[in-house]
Amino acid sequence: MPPTDAAQPEPVDNPFFAWLWKTLSTHETESVRRMRAENLAGLSGRVLEVGAGTGTNFEFYPSTVDEVVAIEPERRLADVARQAAAKAPVPVSVTGDTIETFASAQPFDAVVCSLVLCSVDDPEQVVGQLYSLLRPGGELRYLEHVAGTGFQARLQRLADATVWPKLFGGCHTHRHTEQVIASSGFGVRGRRREQVLPAWVPVPTTEFAIGRAVRP
């Protein structure tokens, strides 16, 4: 658990995004749910989940996980996540920290990021923080929106420069997340990309990247 003497963070107050994400998270496609489960498969020990949202991942944690510490700074989403934590198959505690302010006296065996690195202000800083929170040999499991190519890249840049971040809690769809992870010292393994919506659908988030990255 985070140290009890740390300063308590200010809660994030984004009511529109909280309402929107609560709605979207209850209507995820089967392909997204399958990828969530795949992203958590084989985890064990002590796990940190960053940007837990409504706790959509919690039901997919395998019984080999001893504890999940879930970070969700948006207070309305954190309230929903705590309800999901009460029904989870493994022990889950939800904290209102941001990853930038989070600290732990003990390293984690794994860190889980699901659709969150697109929305942090400084991806390099945050991934570096995640690296420091892992034990040697620990894994970063990620499921993220990433920069596309061609028409998709143009659509992403347009969305990122206009209304998309305002509507979706700071989400930037055209980010080279896997490059940031690799340049932070992780060894990226088993990565792939998958279309969760047909490529012709006019939204900038039709393709997800999934993978695991190991701290040496």
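## Fold, helix packing and selected sites

Leu115 is placed in the loop between β4 (108-114) and α4 (123-133). Helices and strands are DSSP runs numbered from the N terminus, with helices being H or I of at least four residues and strands E of at least two. The model is predicted: local features require pLDDT of at least 70, side-chain atom pairs count only at pLDDT 80 or more, and totals for chains, interfaces and linings use all residues. Numbering runs from 1 along each chain as its sequence is written, and side-chain values use heavy atoms, with hydrogens and water left out.

Most residues other than glycine have a negative phi. Leu115 is also buried, at a relative accessible area of 13%. Buried here means under 20% relative accessible area, exposed over 50%, and partly exposed in between (1.4 Å probe, protein chains only).

The protein chain contains 7 helices and 7 strands. Along the sequence their order is α-α-β-β-α-β-β-α-β-α-α-α-β-β. The radius of gyration is 16 Å, close to the 17 Å that the globule rule gives for 216 residues, so the chain is as compact as a globular protein of that length. This radius is taken over C-alpha atoms, and the rule is 2.2 Å times the number of residues to the power 0.38. Along the principal axes, the C-alpha atoms fill a box of roughly 45 × 40 × 30 Å.

Of the 216 residues, 51% count as buried. The accessible surface comes to about 10200 Å², and carbon and sulfur atoms account for 56% of it. Such areas come from the Shrake-Rupley method with a 1.4 Å probe, and for residues only the protein chains shown count as cover. There are 21 positive and 25 negative side chains, and the centres of the two sets lie 5 Å apart. Lys and Arg count as positive, Asp and Glu as negative, with His and the chain ends not counted. Each charge is placed at NZ of Lys, CZ of Arg, CG of Asp or CD of Glu.

In α1 (residues 15-25), Phe17, Ala18, Leu20, Trp21 and Ser25 are buried. They span an arc of only 165° around the axis, which puts them on the same side of α1. The arc is that of the directions from the helix axis to the C-beta atoms. The buried residues of α1 pack against α2 (30-40), α3 (75-86) and α6 (164-167). In α4, the buried residues are Pro123, Val126, Val127, Leu130 and Leu133. Their arc is only 115°, which places them on the same side of α4. The cover over the buried residues of α4 includes β1 (45-50), β4, β5 (134-145) and α7.

Strand β1 holds Val47. Val47 is buried, at 0% relative accessibility. Beyond four places in sequence, Val47 touches Tyr61, Val65, Glu67, Val68, Val69, Phe108, Ala110 and Val112. Its C-alpha atom is 9.3 Å from that of Leu134, 87 residues away along the chain.

Thr173 sits between α6 and α7 (177-183), and Thr205 between β6 and β7 (207-214). Both count as buried: Thr173 has 0% relative accessibility, and Thr205 has 13%. Beyond four places in sequence, Thr173 touches His145, Val146, Ala147, Gln156, Asp160, Trp164, Pro204 and Thr205.

Strand β6 (residues 187-195) includes Gly190. Gly190 counts as exposed, at 68% relative accessibility, whereas Arg189 is partly exposed, at 44%. Leaving aside neighbours within four places, Gly190 touches Ile210 and Gly211. Arg189 contacts Gly211, Arg212 and Val214 on that basis. The C-alpha atoms of Arg189 and Glu139, 50 residues apart along the chain, are separated by 10.0 Å. Gly190 and Asp97 are 93 residues apart in sequence and 30 Å apart in space, C-alpha to C-alpha.

Notes: Contact = heavy atoms within 4.5 Å.
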